[in-house]
Amino acid sequence: MNTGLAKIAIKLLMSDRAKFFTLILGVTFAVFLILQMTSLFTGILTRSTSNVLNVGAQVWIMDPTVQSDRTIVPLPDYVLSAVRSMPGVAHAFPIYQGSGLVKLPNGAYQSVNIVGLDDDSLFGRPVIIEGNLYDIYSEDAFIVVKDAEYKKLGSPKIGATFEINDHRGVIVAIARPIIPGLFGNPTLYTTYTRAIQYLPTTRFTMSYVLVNLKDPSYLDSLKQEVTRIGYRALSQDEFVNMIKNYYMFKTGMGINILMMTLISFIVGTSIAGQTFYAFVLENLEKFGALKAIGATNGDLIKTIILQSSFVSFLGFGFGNLICSSYIAFAKMRIPNYAAIITHKDIFMTFIVVILITAFSSYLGIRRVIKIEPFDVFRG
Amino acid sequence: MGWILEASKLVKWFGEKSAKTFALRGVDLKVAYGEMLFIVGPSGSGKTTLLSVISGILRPNEGWVKIKDVEIWKLKSSDLAKFRLHNIGFVFQEYHLFPKLTALENVSIPLILKSIPWHEAQKKALASLEIVGLKDKIDLPPYKLSGGEQQRVAIARAIVSEPDILIFDEPTASLDGETGKNIISFVRHNILNDKRAIIVVTHDARIFRFADRILHMEDGLIKNEVNHAS
């Protein structure tokens with residue numbers, strides 16, 4: 001497309017300010033809503049995998065019936081011994097993940113996530129910002145994570161005592177915030193042994209066996225060995241994806257977000273498509289005159305695509321800006337707000353914007369191609 | 001002097017079978033270089049259809065049209081569009097100027113379609129607006145110009161790419177009598193030259209005296225021809 005025609009196309013578009021701003025507003029609104037929905041979804045999915053990401057083991061051994069980290073099926077102790085003897089395993093540790101009930105000084109109860117770390121290695125330990133990690137071995141010791149949920153425990157200081165499942169607990173250290181969980185509970189770390197003493201368990205107590213490999217190439221053989229003894233081994237990424245798929249496809253969360261995203265798309269496309277179509281209709285006779293003068297369908301199609309692309313990409317930029325500002329502001333005010341904008345979300349929104357552009361262009365192009373220069377003479 | 005335009009046995013109908021209506025019933029036409037030809041006749045006589053067929057925007061059902069020895073209806077539609085762009089200038093009855101563009105930008109459009117760089121196009125458009133006497137109004141949009149001035153902008157747009165044939169569709173229909181006469185007089189004396197022809201479709205008898213030749217159409221045929229030049 002020559003630059004002169006591009007200049008004329010943009011000037012024609014921008015000269016009708018009311019329509020131009022309505023067009024941009026339509027796309028911006030759609031981009032804002034879609035990006036907001038998808039980033040919220042991404043944030044929720046990330047939180048749903050926090051139990052895995054916060055620990056950071058290379059391989060997770062679990063019961064084969066496990067569908068997500070919410071359905072823990074405890075493993076017998078022999079699994080740990082068997083895994084330790086498998087080729088390629090550098091280290092294997094047990095971990096306990098469960099929940100407990102803390103009685104607060106005011107008499108209220110607060111549900112908490114409990115992570116029981118392997119007593120010897122403390123594998124999966126948090127980063128301590130106050131106190132000493134090794135105080136975890138002292139009597140009734142717990143480490144509390146200072147995240148958005150910390151206040152729910154009455155913002156306990158080091159030395160604060162509390163009651164957990166009718167046992168005494170003492171805060172011995174405070175840890176840096178980790179990826180928060182999905183259900184808004186505070187997190188307490190303790191040793192594996194204490195966790196299974198304090199919290200009600202089934203006959204078997206290990207939630208998972210965590211493995212670090214000598215070399216990532218051992219992963220396939222480890223999986224086969226673990227399957228042979230009747231269990232399942234997943235890499236961290238595989239476990240994360242399994243959890244995400246569970247929330248996406250088995251909880252209704254995915255379809256609900258998808259529906260809302262679809263509605264945002266329809267609203268945005270309707271506003272942008274209809275306004276752009278009205279803009280083309282208003283200039284239809286002029287386009288006919290241009291055809292008579294000698295403009296080809298190609299010239300006019302390029303003009304329309306340029307105009308709709310210009311509006312769409314401006315709307316895309318504004319939508320991104322407004323959405324990211326909104327999320328940043330919301331996170332300052334509401335620490336629990338889950339939305340995270342990822343490159344994937346931006347790319348998906350960009351694809352949607354291209355669809356809006358294509359739809360708007362298609363409506364205009366269809367009319368412009370059909371107009372006959374003879375109609376201009378006929379009036 | 002040779003013929004700039006020749007057309008033979010032009011037939012054009014609209015609709016099919018019982019609804020078929022003939023707009024042209026076998027029209028022969030020749031236009032000479034330097035000639036100002038008027039096509040007149042009552043509504044529905046086929047003037048606009050003839051104008052559209054000979055200018056390459058409405059395909060005839062039968063017959064042929066040659067412009068500078070090129071049989072235009074044998075060209076592919078994209079080539080025909082290019083041919084119009086380079087050889088024919090149009091002044092429409094309702095001007096069809098873009099209301100939000102300035103006079104200068106409106107006049108530049110045919111050059112821009114020819115991929116002439118923006119600044120060069122603006123220079124030529126300015127020269128063209130000078131010819132029609134609107135040098136001081138180049139930055140105004142059409143809605144700030146009078147009807148006669150808008151007509152002049154449309155003329156400037158038609159002549160900017162120096163076409164061989166200029167087509168005027170009812171040029172005085174939207175103007176008062178005096179302005180209409182002035183415009184046609186201006187075209188006759190300033191735009192017409194030996195290298196081009198001007199074809200005008202009109203109802204307006206007050207401007208007939210500016211024509212070299214007048215073809216009177218009725219019922220899709222040329223009924224008579226008046227030659228003022230002779």
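How many residues lie between β9(B) and β10(B) in their hairpin, and which residue in the turn has a positive phi? The hairpin has 2 residues between its strands, and B:Asp219 in the turn has a positive phi of about 55°. This is a predicted model, in which local features need pLDDT of at least 70 and side-chain atom pairs count only at pLDDT 80 or more, while totals for chains, interfaces and linings use all residues. Residues are numbered from 1 along each chain as its sequence is written, chains are lettered from A and ligands numbered from 1 in the order in which they are written, and side-chain values use heavy atoms, with hydrogens and water left out.

**Strands of chain B**

- Strands β9 (residues 213-218) and β10 (residues 221-227) of chain B run antiparallel and are joined by 6 bridges; strands are DSSP runs of E of at least two residues, helices runs of H or I of at least four, both numbered from the N terminus.
- B:Glu218 stands opposite B:Leu221 in β10(B).
- An open sheet of 4 strands in chain B has the order β2-β1-β4-β5, with antiparallel pairing; two strands pair if DSSP finds at least two bridges between them.
- β2 (21-32) and β5 (70-71) of chain B each have a single partner strand and stand at the edges, so one side of each lacks a neighbour in the sheet.
- β4 (residues 62-67) of chain B pairs with β5(B) in the antiparallel sense over 2 bridges, and B:Glu71 in β5(B) is the bridge partner of B:Lys66.

**Helix α1 of chain B**

- In α1 (residues 47-54) of chain B, 7 of the 8 residues are buried, where buried means under 20% relative accessible area (1.4 Å probe, protein chains only).
- Among the buried residues are B:Leu50, B:Leu51, B:Val53 and B:Ile54.
- B:Gly56, which follows α1(B), has a positive phi near 80°.

**Contact between chains A and B**

- Chain B contributes 33 residues and chain A 26 residues to the contact, defined as heavy atoms within 4.5 Å.
- B:His96, B:Phe98 and B:Leu113 supply 24% of the area that chain B buries against chain A, more than any other three residues; buried area is the accessible area (1.4 Å probe) that two parts lose on being put together, summed over both.
- The two chains bury about 2,700 Å² between them, 73% of it on carbon and sulfur atoms.
- A:Lys11 and B:Glu105 meet through their side chains in a salt bridge (2.8 Å, N to O), a term for a side-chain nitrogen of Lys or Arg within 4 Å of a carboxyl oxygen of Asp or Glu.
- α1, α2 (77-87), α3 (103-113) and β7 (165-169) of chain B each supply at least two residues of the side that touches chain A.

Technical notes. Buried means under 20% relative accessible area, exposed over 50%, partly exposed in between (1.4 Å probe, protein chains only).
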